[in-house]
Amino acid sequence: MGNVSVSELRYIVGPSSYDSVGSKAMKVKKFLQDYFPSQDYLRRLGVCVFEAEANLAIHTTSGGDLLIVIYNNRVKVVAQDTGPGIPDIDKALTPGFTTAPEMARQLGFGGGVGLNNIKRFADSFWLESLKRGTTLVFEVWNDDSTQFDY
Amino acid sequence: MMTLRNLITKLPFQVLTNKCNFDVSFQNVYASDLLSNALASVNPETAWITVQVHQNILGIASIKQCPVVIFSEGAVPDDSVISLAEEKDIFLLTSSYPTFELSGLLYRLLKEE
């Protein structure tokens with residue numbers, strides 16, 4: 001596949017930075033408006049980035065990193081942190097299950113469906129967690145192809 | 001399809017944002033205070049009812065291009081949130097009705113349209 005153009009955005013999300021959740025997703029969406037004219041695509045991507053951002057703010061002990069890579073007609077997002085890790089990934093992926101603190105829940109976060117939202121709106125989803133940290137990788141495609149080409 | 005103009009003449013809302021374009025319209029209403037639910041469900045044709053008044057709601061409305069947020073229970077956000085909404089062309093209304101009643105009233109109005 002030709003037409004390879006790679007661009008990168010990187011953000012740091014602080015622990016308990018509830019106030020700013022959504023700000024990175026809005027920046028990403030704004031930046032990508034030049035790449036992707038489809039509003040439907042941008043909304044889909046926006047939902048996923050918002051949820052990844054919220055997870056870093058709610059669950060990390062020292063914050064995390066949000067890396068957004070644009071290549072071909074797709075966007076890959078890597079959300080990484082150094083702890084405390086997800087003890088049971090299956091449980092974390094069960095709709096309604098949450099370990100969000102009371103403070104976050106009062107603000108309407110911690111509904112227990114954030115990861116499910118990403119799974120639903122993204123085209124690929126990968127999650128790994130160790131005691132030391134968690135890595136979430138997902139892609140949102142602006143095409144209907146089903147195979148990876150990188 | 002319901003325009004803001006039509007809406008505020010039929011129900012006692014307080015318009016919070018200045019420079020409101022009353023021609024903005026919506027086709028359906030979604031009520032939830034859980035951010036993930038709203039994020040998944042609102043869209044450019046939705047008015048969103050919530051009691052959450054912090055600025056994250058504008059992130060959701062902006063990302064999903066949801067044009068109208070209606071606060072129930074008389075909730076009113078800080079001025080900074082209202083200003084930010086004006087910048088983003090998101091219209092904020094508030095009503096003293098509880099969410100259930102507000103939803104019912106809007107449901108009936110939309111059915112009558």
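Colleague: Which residues point one way from strand 5 of chain B, and which point the other way?

Modeller: This is a predicted model. In it, Thr46(B), Trp48(B) and Thr50(B) point one way, while Ala47(B) and Ile49(B) point the other way. Both sets are buried. In a regular strand, side chains alternate between the two faces of the sheet.

Colleague: What makes strand 5 of chain B mostly covered?

Modeller: The strand spans residues 46-50, and five of its five residues are buried. The cut-off for buried is 20 or more other C-beta atoms within 10 Å.

Colleague: How do you know that strand 4 and strand 5 of chain B are joined?

Modeller: Pairing needs at least two bridges. Strand 4 of chain B, residues 28-31, has four bridges to strand 5 of chain B. The two run parallel.

Colleague: Which elements make the β-α-β unit with strand 4 of chain B?

Modeller: Helix 2 of chain B, residues 35-41, and strand 5 of chain B. That unit is right-handed. The term applies because the path from the first strand over the helix to the second runs clockwise, with the strands pointing away from the viewer.

Colleague: What is the strand order of the open sheet in chain B?

Modeller: It is 2-7-6-5-4, five strands with mixed pairing. Strand 2 (14-15) and strand 4 of chain B stand at the edges: each has a single partner strand, so one side of each lacks a neighbour in the sheet. Further in, strand 6 of chain B joins strand 7 of chain B, residues 91-94, over four parallel bridges. Val69(B) sits opposite Leu92(B) there.

Colleague: How do the elements of chain B run from the N terminus on?

Modeller: They run β-α-β-β-β-α-β-α-β-α-β-α. The tally is five helices and seven strands.

Colleague: Why does the radius of gyration of chain B agree with a compact globule?

Modeller: Set the two values side by side. For 113 residues, a compact globule would come near 13 Å, and chain B has 12 Å, so the two agree. The C-alpha atoms of chain B fill a box of roughly 35 × 30 × 25 Å along the principal axes. Of its 113 residues, 42% count as buried. Among contacts in chain B with a separation of 6 or more, 46% link residues 24 or more positions apart.

Colleague: Why is Val140(A) called buried?

Modeller: The cut-off is 20 or more other C-beta atoms within 10 Å. Val140(A) has 23, so it is buried. It lies in strand 5 of chain A, residues 133-141. Beyond four places in sequence, Val140(A) touches Arg44(A), Leu45(A), Cys48(A), Arg74(A), Val75(A), Ala122(A) and Asp123(A).

Colleague: And why does Asn142(A) count as buried?

Modeller: Asn142(A) has 20 C-beta neighbours inside 10 Å, and it therefore counts as buried. The cut-off is 20 or more. Asn142(A) belongs to the segment after strand 5 of chain A. Leaving out residues up to four places away, its contacts are Phe36(A), Ser38(A), Tyr41(A), Asn73(A) and Arg74(A). Asn142(A) and Leu45(A) are 97 residues apart in sequence, with their C-alpha atoms 9.6 Å apart.

Colleague: Which residues of the largest nonpolar core touch the most other members?

Modeller: Of its 65 residues, they are Cys48(A), Ala52(A), Trp48(B), Ile60(B), Val68(B), Val69(B) and Ile70(B). Helix 2 of chain A, residues 39-59, gives the most to this core, with eleven residues. Apart from neighbours within four places in sequence, Val68(B) is in contact with Leu4(B), Val24(B), Phe26(B), Ala47(B), Phe91(B) and Leu93(B).

Colleague: How many residues does the contact take from chain B and from chain A?

Modeller: It takes 17 from chain B and 20 from chain A. On the chain B side, helix 2 and helix 3 are the elements giving two or more residues. By class, that side has six nonpolar, nine polar and two charged residues.

Key
Residues numbered from 1 in each chain as written. Chains lettered and ligands numbered in written order. Predicted model: local features only at pLDDT ≥ 70, side-chain atom pairs only at ≥ 80, totals over all residues. Buried ≥ 20, exposed ≤ 12 C-beta atoms within 10 Å, placed from the backbone. Contact = placed C-beta atoms within 7 Å. Nonpolar A, V, L, I, M, F, W, Y, C, P; charged D, E, K, R; others polar. Core = buried A, V, L, I, M, F, W, Y, C linked by C-beta atoms within 7 Å. Rg over C-alpha atoms; globule rule 2.2 N^0.38 Å.
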